[in-house]
Amino acid sequence: MENQQEFQERRVTFERPENHHVFLVAPDGDMLGLDDSGEPALFDEADDRVIWDRAPGGVRHVATGRVVPADIDEDACTLPLGSDEGTFTITHGPEKLPSEYLEHLKRKGWVCLTSVLSPEIVDGLQRVAGSDRHEGAPTIGDMPMVCQHSAVGRAICEPISLWLIRQYVQTRDLHLGHPANCRSLAPWDGKRPVQGWHSDIPYIPSVGGNLVADRKGPIKAVQRNVCVSDFTRQNGATAYKLGSHLADTLPPPEWNPARHGPDPNARPYSGPEADVIEAPAGSIVLYDARTWHRAGFNHSDRKRAAMLMSFQTADVIPKRDTRPVCKRLHESPVYRELDARQQREITELMMNQPDVA
Ligand SMILES: O=C(O)CCC(=O)C(=O)O
């Protein structure tokens, strides 16, 4: 008889937002905001200061409500800046203010930035993953994903999630734990072993001599799962035990019967004590690396693609040295499609590896 408790994870569902705020982006990638005295200024990090709405006759600064008169021509916005004027590109922004996401991340240990990536970036990621509209199309194969399409680098440098992670771990000095990869979860055949419940590095043993970090110590890593496809419980959205970052232990043995019981093919726990975050493609889920999680069971007949990243503090030894991939990126034409802010961020995140890496 079927186990009535299986595949019954609690759904936490985020719908595609009807409206998004916008960024005003300078040619070098810096973002226009209002400084503390209310004057327009450029910033390279995305807190509330750089979030705008289109408004009649100009742009409205969301946090202060101030309307700045501007000439708007489709996606170009020209306005006074100091003694001169500047022209900015109006780009896809978040549904909410960064401070609202930060409040949720600090209170709950996770947050969903729903549809924060633009449709163009989502399309590029799906192309690299060979998923969704591009399922069945040839993929590039033997080349790091970040060199295949600028969408990968743009997603790595998504500025609100970087700001949130830095605020959460209380340092600017981060590196990636491995090159960003697009993971495609194939339809599940009912038999194939599936991923078990785990926390992430450095809260589990790893390669390279990393010590397993104290779950009660300072936070050392945040995971970022980008929904490349729409994520639903049906197609294998990542499952979490939300709030488990505060637990003293790793997942209980009964949640991983394959690892701890007699049957090596026993399925991991998928009952109502677990959660799945359902969110549209282009959403980013950030979560404290201590959180118990696993890939879902893909009950659909299509691939479910995700891009997974680990952002680690300076003392964590990455699972894979990202510097060789970064050097290949620097030599690739894709690098020149990134703006100066993105080039700086990605180089910092991939080259700042501890020397032991
Ligand atoms: O593929 C997924 O849904 C998540 C996998 C994951 O986060 C992990 O392997 O750490």
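**Close-up A. Aromatic pairs, starting with two tyrosines.** There are 8 aromatic pairs in this structure, which is a predicted model. One of them brings together Tyr 240 and Tyr 287, whose rings sit edge-to-face, with 4.9 Å from centre to centre and 75° between the planes. Tyr 240 belongs to strand S15 (residues 239-241) and Tyr 287 to strand S17 (residues 284-288), so this contact ties together parts of the chain that are 47 residues apart in sequence. Both Tyr 240 and Tyr 287 are buried.

**Close-up B. Trp 255 and Tyr 269, a stacked pair.** Here the ring centres of Trp 255 and Tyr 269 are 4.4 Å apart and the planes meet at 20°; that angle is under 30 degrees, so the pair counts as stacked. Trp 255 comes from the loop between S15 and helix H6 (257-260), while Tyr 269 comes from the loop between H6 and strand S16 (275-278), so the pair ties together parts 14 residues apart in sequence. How accessible is Trp 255? Its relative accessibility is 9%, so Trp 255 counts as buried. Tyr 269 is buried too, with a relative accessible area of 18%, and the cut-off for that label is under 20%.

**Close-up C. Arg 302 meets Glu 135.** Now for the charged side chains: the count of salt bridges comes to 24. In this one, Arg 302 and Glu 135 meet at 3.0 Å, nitrogen to oxygen. The pair links distant parts of the chain, 167 residues apart. Arg 302 sits in the loop between strand S18 (292-294) and strand S19 (304-313), and Glu 135 in the loop between helix H2 (119-129) and helix H3 (145-148). Arg 302 is partly exposed, at a relative accessible area of 38%. Glu 135 is partly exposed as well, at 30%.

**Close-up D. Asp 321 with Arg 323.** What separation do the closest N and O atoms of this salt bridge have? For Asp 321 and Arg 323 they are 3.0 Å apart. Asp 321 has 27% relative accessibility and counts as partly exposed. Arg 323, at 18% relative accessibility, counts as buried.

**Close-up E. Glu 45 with Arg 49.** Glu 45 and Arg 49 form a salt bridge, and their closest N and O atoms are 3.8 Å apart. That still makes the list because the cut-off is within 4 Å. Glu 45 is partly exposed at 32% relative accessibility. Arg 49 is also partly exposed, with a relative accessible area of 24%.

**Close-up F. A salt-bridge network of four residues.** Which residues are linked in this network of salt bridges? On the arginine side you'll find Arg 166 and Arg 172, and on the glutamate side Glu 345 and Glu 348.

**Close-up G. Ser 332 in its loop.** Look between helix H7 (323-331) and helix H8 (340-351): Ser 332 has its place in the loop that joins them. Is Ser 332 buried or exposed? Its relative accessible area is 8%, so Ser 332 is buried. The side chain of Ser 332 reaches the backbone nitrogen of Val 334, at 3.0 Å.

Technical notes:
Residues are numbered from 1 along each chain as its sequence is written. This is a predicted model: local features need pLDDT of at least 70, side-chain atom pairs count only at pLDDT 80 or more; totals for chains, interfaces and linings use all residues. Side-chain values use heavy atoms; hydrogens and water are left out. Helices (H or I, at least four residues) and strands (E, at least two) are DSSP runs, numbered from the N terminus. Buried means under 20% relative accessible area, exposed over 50%, partly exposed in between (1.4 Å probe, protein chains only). A polar contact is a pair of N or O atoms within 3.5 Å; within protein, one must be able to donate a hydrogen and the other to accept it, and residues adjacent in sequence count only if both atoms are side-chain atoms. Rings of Phe, Tyr and Trp (its six-membered ring) pair if their centres lie within 6.5 Å; planes under 30 degrees apart count as stacked, over 60 as edge-to-face and the rest as tilted.
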